[in-house]
Amino acid sequence: MTARGRVQSEISWRRRLPVAAALALCPAVASAQDAPAIPRFVRIVVASVPATGPDFIARLIAPKLGETWRVNVVVDNRPGSNGIVGSQFVAQAAPDGSVLIMGNAGTHAINAALYKKLEYDPVSDFAAISEIAATPLALVIHPSVPAKSVRELIALARKSPGKLNVAIAGAAGELMGNALKLQAKIEMKNIPYKGGSQAALAVLSGEADMVFTSYVVIQPHVETGKLRVLGVSSAQRMPQIPKVPTIAENGLDGYEHEQWYALFGPAKMPPALVQAMYREIARAVNAPETRERLVATGHRVIAGTPQQLADKVRREIQKTRDIIQASGMQQN
């Protein structure tokens, strides 16, 4: 080949190079195009009224998800029937990612065991996306109760069966109280209240002896000595009150119950869409300002994978079913 021919051949090869590179990238481009896109408008349903735990978590992460997903994300409160109304709405929604639910221990574990006939199945009717956070509840008593520890409280209850009472608000608080009674083999009376604030106020006024509640809610009263914290319901101590032992440490080995919050979509969401949402949720939840806000309000940051959440739901359903059946909580 002449020198001129070699030059022309090289020029021709260089001109084809961008085309070849583009063709090499075609499979990746096609793959990205085939992956389901996150809808331009996403609704996070909260199956309870505003200012509750699920509502707080949803409103905390919604703006972050809107930024990372580059779509509009809104919170939609749909309370009713202990979370059944909102949960059923999402279970029946289109599985395109436009409707999600901020599920929790109540909607996706307790209800499955609490009701003999539930309008939705927490396992088969939902696609698990990510557990956001979990928080323990504090076992709080009125100072007039002569107990400085969980062990002393159990001893007191055994000495006078049925004399002590527990203020309860919702199935989660009742479940934790019943779990305590069953494991310790003691008798205490449950007093129902409409909400967590009313239950905490009942203990503050001396109308009730104790309550399982968020530590953040009663912290000022603990610091002034108007209430006393005996233990926390989680497996680990709370960073906010590191000197307060867990209930498991203080008399009931293995006791572990938390409020947890997680995002679910309708069943049959494309796995690629679930994974895409999970990755951005984890990024949003682990952002420094989001983590700081969660920790400051007594939460443990999790940002778990879809499989981890699916496994947890099954475990939690079985654990709560055992307690509910043994304590006679089940409803028709």
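Before counting what each element gives, I note that helices (H or I, at least four residues) and strands (E, at least two) are DSSP runs, numbered from the N terminus. I also keep in mind that this is a predicted model.

Entry one, the cavity. I searched the whole structure for cavities of 30 Å³ or more and found one, and the space in this largest cavity comes to about 70 Å³. Its lining is made by Ala105, Ile110, Ala172, Leu175, Met176, His257, Glu258, Gln259, Glu316 and Thr320. Which elements give two or more residues to that lining? I wrote down α4, α6 and α11 (306-327), and I marked α6 as the one that gives the most, with three residues. By residue class, the cavity lining splits into five nonpolar, three polar and two charged residues.

I then turned to the largest pocket, which holds about 1200 Å³ of space and has 42 residues in its lining, with Thr52, Gly53, Pro54, Gly196 and Gln259 lying nearest its centre. Among the elements that give two or more residues to this lining, I listed the helices α2 (53-69), α4 (105-114), α6 (170-184), α7 (196-205) and α8 (215-223), together with the strands β6 (165-168), β8 (210-213) and β10 (259-266). How many of the pocket's lining residues are nonpolar, polar and charged? I recorded 18 nonpolar, 23 polar and one charged.

Conventions. Residues numbered from 1 in each chain as written. Predicted model: local features only at pLDDT ≥ 70, side-chain atom pairs only at ≥ 80, totals over all residues. Heavy atoms only, no water. 1 Å grid on protein atoms, 1.4 Å probe; cavity = no way out; pocket = protein on both sides within 12 Å on 5 of 7 lines; lining within 4 Å. Points joined across faces, edges and corners; volume = space filled by probe spheres on them. Nonpolar A, V, L, I, M, F, W, Y, C, P; charged D, E, K, R; others polar.
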